[in-house]
Structures are given as structure tokens and as C-alpha cells.
Amino acid sequence: MTDLELLGLFGDGSVDPWNIRSLIAQYEGLHGNSFGCADAAVTEERLRAAGLSSSGVLPLQREVETPDGTATARFQAIHLERALTPEGLVHAACHLTPELIHQPRYLRHANGATHLESVLLVVGDGDLAATVHRYARILDVMPVADGPRQVLRLALGRMEIVPVSGFAEVLPGEDVPALPYMAGQTVAVTDLAAARTLVEGNGFTTRDLPGGGFFVGAAQARGAALAFREVRL
């Protein structure tokens, strides 16, 4: 997990290539995850064998600006079956030209952010076991309990899943507009105090995060809480 992507509908919204209309009708906020992979063909074969995807490997590309002019960034993606991911869009993606996306000029941030450390998914208590099992198959990792959360650790960052009954322990004071709900994301920073000073200086209210760090509530962060933790790589 390294970045955030904004998706939206233009004009009257009649063109909806990502089929996100039904998702954004539920609540404003996060509606998907795109996980990295080193080999799209191997990942697609594993997901297809598990009955999670039938998209095949999809070639994608877009033009990006570089200090030397315009270049074409290329990717490969595998889409998971939407019927199996009621929380939103879930993809696996392989960057074929990462140097065009991860340009040094885009990797320096005033808040000291280094990467996206985690994404938090809230589910009904009765759906917890099945959801955790599904993500364990999607990511090919074993879940580990961390308080009320089930954590799936990745090469960089982690996916966290929590039952709604335990949500208040993770993000106290936050509401749950629907289930399943992608409730928040955590950004890793190099200096927590400096990040908090910058965030509060820009007019946002912050609250202490259980276990260390701080967060901005969903009401001020476009529908999904935004947390900050100091993480050393």
C-alpha cells in the first residue's frame, strides 16, 4: 500500500466505468483497495484457482509528466469479482514502470508521510470470520489478532479488519454509516509531533489514537478517518 487514488463521476454521472455509483450512494469515503503484486500472471492464476477472479490480466496505461517530458506509465491489473467484495472495488496491480509514478518530486510531503501504513475495514460480527478468510486468500497471508482487529501484514503496510462491536476500541467516537465500511486509513510519518502540528495548523481537529498516534475523524476527512503513526522502516 503506497498511495491513494481518487475516482469520481463526471457530468451527469451517466458514464460510470468503475461501477462506483452504488458504492458512493451508501456513504462518502473509501470504497476500494488495490494491492500490489510482483507478478500479475502468477497472482491472477492463484486468484482464479481460488474462485475470486475471472478478469484475467488487464493491461492499463496512462500518460504522466516527467522532468524529461511526457511518458507512458504501464500497469497490469487483476479485478476481483465484485459480488465477492461487498465493501467495494478490490484489485491486484503490478507496476511495470514504477519509476514514472514514484518520482522523487512526488515522494516528499510537508507532513513527513512515507507510505500508506494500513486500511481499516469494519464488518458485522457475524461476517468477520468469512471476511478475514476471504482476505487471507486474496493476499495469501495468515491473519494475526491484534486486540479487536484481525491483521493481514503485507510487504509494506497491513490490512486490518474489525467487527463492528470492537470498532469503538480502534477509532473511538466514530460512526458506522453502513456495513461493510472502509472506515479509515493510516499514514506513516517520520515525525508524529511535526505532522500533528501541521494538520492542526491547517484547521483540522485531531484526537489521540489508541496505541499511539492521532487521527482526524471521518466528518473532516471526506468520509473515512485519517490516522497518523510514526513508523520506522
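The model is predicted. Its largest nonpolar core has 41 residues, and a second, separate core has 9. There is 1 cavity of 30 Å³ or more.

**Nonpolar cores**
- In soluble globular proteins, nonpolar side chains tend to be buried together.
- Within the largest core, Tyr135, Met159, Ile161 and Leu171 have the most contacts.
- Helices α2 (40-49), α4 (128-139) and α5 (167-170) each give two or more residues to this core.

**Contacts of Ile161**
- Ile161 touches Leu121, Val123, Leu128, Thr131, Val132 and Tyr135, among others, leaving aside residues up to four places away in sequence.

**Ends of helix α6**
- Helix α6 spans residues 192-201.
- Asp191 caps the N-terminal end of α6.
- In this cap, a side-chain oxygen of Asp191 lies 3.2 Å from the backbone nitrogen of Ala193.
- Gly203 follows α6, and its phi is positive, near 95°.

**Cavity**
- The largest cavity has a volume of about 30 Å³.
- Its lining is made up of Leu23, Gln26, Tyr27, His31, Pro86, Glu87 and Pro180.
- By class, the lining residues divide into 4 nonpolar, 2 polar and 1 charged.

Note on methods: Residues are numbered from 1 along each chain as its sequence is written. This is a predicted model: local features need pLDDT of at least 70, side-chain atom pairs count only at pLDDT 80 or more; totals for chains, interfaces and linings use all residues. Side-chain values use heavy atoms; hydrogens and water are left out. On a 1 Å grid over the protein atoms alone, a cavity is a set of points where a 1.4 Å probe fits but cannot get out, and a pocket is an open set with protein on both sides within 12 Å along at least five of seven lines; lining residues have an atom within 4 Å of a point. Grid points are joined across faces, edges and corners, and a volume is the space filled by probe spheres set on the points. Ala, Val, Leu, Ile, Met, Phe, Trp, Tyr, Cys and Pro count as nonpolar, Asp, Glu, Lys and Arg as charged, and the others, Gly among them, as polar. A polar contact is a pair of N or O atoms within 3.5 Å; within protein, one must be able to donate a hydrogen and the other to accept it, and residues adjacent in sequence count only if both atoms are side-chain atoms. Helices (H or I, at least four residues) and strands (E, at least two) are DSSP runs, numbered from the N terminus. A nonpolar core is a set of buried Ala, Val, Leu, Ile, Met, Phe, Trp, Tyr and Cys residues joined through side-chain atoms within 4.5 Å. Buried means under 20% relative accessible area, exposed over 50%, partly exposed in between (1.4 Å probe, protein chains only). Contact means heavy atoms within 4.5 Å.
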